[in-house]
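I opened my notebook to look at how two chains meet. Come along and follow the entries with me.

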Amino acid sequence: MLVNYTAAAHWPIDASRLDLVEEFRRKPRGPHGDELQKLLHRMRWSGDSEASGRYVLVVKEPGRRWALGRLPRMRGKPIEILSNQVFTSIAEAEWEVFKRRWEALTGTSLPPSFKEPMA
Amino acid sequence: MTDTTAVLGYAWPLIVSPGEPIAFHLSSKTLDGAEATLVRVRCADPDPNGPGLKLTELDCAINGPVALANQPIYPGSCAIIPDSPTLAKLGAFTVGAFLWPTLPGARPQTILSRWREDIKAGWRLGLDADGCLEFVLAAKGQSWRVASRLPLLTREWVLAGGAYDPATGRISVMVRSLDPQAGRDRSVVVEGEGPTSLSWPMDTPLVIAARAKDAGDAALCEAFYDGKIDRPRVYAAALSIDGLHRLCEAATPAAADPLLIAAWDFSQDIPTDQVRDLSAHRLHGVLRQMPTRAMTGVNWNGSSERWTEAPSQYGAIHFHSDDMADAGWAPTLHLTTPSAWRSGFYALRLRARQGNADPVESFVAFFVRAELGKPQSRLAFVASTGTFLAYANSALRLDQVHAEAMLEGLLTLSHDDLYLQEHRELGLSTYDTHNDGSGWSISTARRPILNTRPRGNVFNYGNDTHLLDWLEELGQSYDIITDDDIHRHGVQTLAPYACVITGSHPEYISREIWDAFDAYQQGGGRHMYLGGNGFYWRIAYHPTLPHTIEMRRGMSGLRTWEGEAGETALAFTGEPSCTWRSNGRPPQRLLGVGFDGQVFTESSFYRWLDGARDPSVAWLTEGVDLDAPLGDFGLRGNGAAGIEIDRVEPTLGSPPGLVWLATADRLGYGGTPTPEELRTLHRGIMGDQNAQVRADLAFFPTANGGAVFSTGSIAWVCALSHAGYRNNVSQVTGNVLRRFLDSTPL
Ligand SMILES: [Fe+2]
């Protein structure tokens, strides 16, 4: 069997590289430099916790509004919708998920300057 | 959020000619009624950044309130052997088969049974909740059970059986591992106490890979098995494991042996739903929900990769607890399509709870074809129904680890996706894997298909309606023909048209369809291929069941699963499957371009090449600035060149007479080559460093005044409506269409 293992993405994340966070905030949809590409690959491959599932967007209104959701790893289990996290642009949603993943993967809190919404 | 799933349904048949009857099979778990309206589809994509949903309500006899009922779906494949006197009066007996289990330990499963779950009576051989082989006898509230001590291993062949001897009052369960070394040995014989006499339940079918819930040959089943079964046998004596092994190993057991009750040979009638018994009792059976046939048996030795060449090595069926080929719903609405209807994309719209926060608006799509031999236009657009089926209910984004990385951004899930995550009984697509990890190789239209309808996920069906929208905007008349019809009637379906357009993604093609396009082009037809990744996978249609396709994925091609060695030939026809490139027909030969990569970061524009400046193609570039980028806009990644892309490649058959018009070869790091483009591994293969990852625009004349125009990009058709349809993608497409409809030789 040809299998995509969830643990395959293992690029080590350096919690001190806040420059990569800044690069992503400026351009959530890219293009991105080499190291940010690697960081994003790590996050997108399997960056979210096994228990709560993958961060996803759920379309509230096509092309206009999206809610944050969590897709369980197990087939058949319902997708959780975080109704208080609604976005009107994909870039804004990408930034929110990036911050959550950064903090989860590095075990550190981002400095307050990153907590503000996108410019 | 609009609720697109509170009522679901399917149209049967999926494709009709004007004047033919069609039925809508509907079901709702929550609604007792809805408002039905027939619509003609111009644009199925609700995205307000594009044309938006464009549907025309039609006057129709079935418009109005429709009463709804809940119609369940029963997934899980098995073989039903109708009850017989021989089975009803078995005394001492042995049952067994070779097994290749794929989910041992997931839940209780059944291999062979003559059992009624409602009264818990009969006998059954299966796997218990831990994956150990168990043999159970029961009657009148009493039961006897023996089980192996170690769970069976996943994807390892074993001989498995159970025996009962009333004379001694003993039962036994037997396992023999066929590769009993390196930690794989699960061989064991466990004996236990059984009854000295016992009466079997009446009116009970023998079921392979499941057990009956209650009485009768039509009984629903449960405790389905996942995995392969090869050469199941029933023998009227309690055999030792050596005796069972000899019985199962014999490809043709002696039919005259009076103790031989049944010896099923799954290598016979492979394209059908029939299973054949070689014994003198003729206990033939029928399959439910289309398990995968033409699977390598325990004796497959690699001397052939096609079941047609070595049928005796293909005696296995792979059963899946989630196989689903026919929802079996009763029809809710019947309609005779008015003979005045134009061919087109149509749908039944079902609305309820209007004005609520979650209004229901669900669609059941169908196609009205132009009747064979009665064209109403000089132009035909092909509904890629083979591809729509291949992608039907794709759960790729829900299930596959790579999806977000591949798509280069957060997954955006629709209401349909939320539903599919919880309702796998709809049956998935050929992109998906079954619960046991094996590939889904069959797809049918006798079930609701969420992503082939208005408001559905746009890939394929939705994107293709952008082309319909553009034709309507132009005021250009067109007929709709479908893959299924081209497969059935060949080039006759295409021949009446001066020009035929294939859509954004005509990826799944049978040999018959390929031959029809080849003959059409060489007979002077003009083919506009306005897509990417076209004519890529080789499929077969079922020999008798409409709207039912099969495909196998092998060791090459961009594949979301890889089939097992020796299992790449199609059960429906015996033909090889996999990519057309590996079948000696690279798409470049037919279309001028062929699949080379994907790009999901951002789509690109094309730049014009010298070929476009040749006076012989002045008609193609009329009104277009050749120094400006072509298609630096569009609804799929802000460019006309993107998503899945094709390039000119002379070594794969791009014709010498081809004019290479334009290229999009600056795709950046998001340009990813398809695996069959890589000889060896090295870095530098992505689009920022690799000029072979690109989309090409090409034109070439064919025999008898025919021609082909190719864009090599899925994103193309979703750029047509940009800036009020006044843009260079629209201009070029229009130039080609006008010239292709003009019968003057090219
Ligand atoms: Fe494709």
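Predicted model: local features only at pLDDT ≥ 70, side-chain atom pairs only at ≥ 80, totals over all residues.

I began with the area buried between chain A and chain B, which is about 3100 Å², with 58% of that given by carbon and sulfur atoms. Buried area here is the accessible area (1.4 Å probe) that two parts lose on being put together, summed over both. In chain A, the residues that lose the most area to chain B are A:Met1, A:Arg44 and A:Arg75, together 24% of what that side buries.

Residues are numbered from 1 along each chain as its sequence is written, chains are lettered from A in the order in which they are written, and side-chain values use heavy atoms, without hydrogens and water.

Next I looked up contacts (heavy atoms within 4.5 Å). I found 38 residues of chain A in contact with 35 residues of chain B.

Then I asked: how many salt bridges cross the interface of chain A and chain B? The rule (a side-chain nitrogen of Lys or Arg within 4 Å of a carboxyl oxygen of Asp or Glu) finds four. I noted the salt bridge between the side chains of A:Arg54 and B:Glu404, at 2.8 Å, N to O.

Last, I turned to strands (DSSP runs of E, at least two residues, numbered from the N terminus). Strand 1 of chain A and strand 29 (residues 412-413) of chain B run parallel and are joined by two bridges; DSSP must find at least two for strands to pair. In strand 29 of chain B, B:Leu413 stands opposite A:Val58.

Conventions
Helix = DSSP H or I, 4+ residues; strand = E, 2+ residues; numbered from the N terminus.
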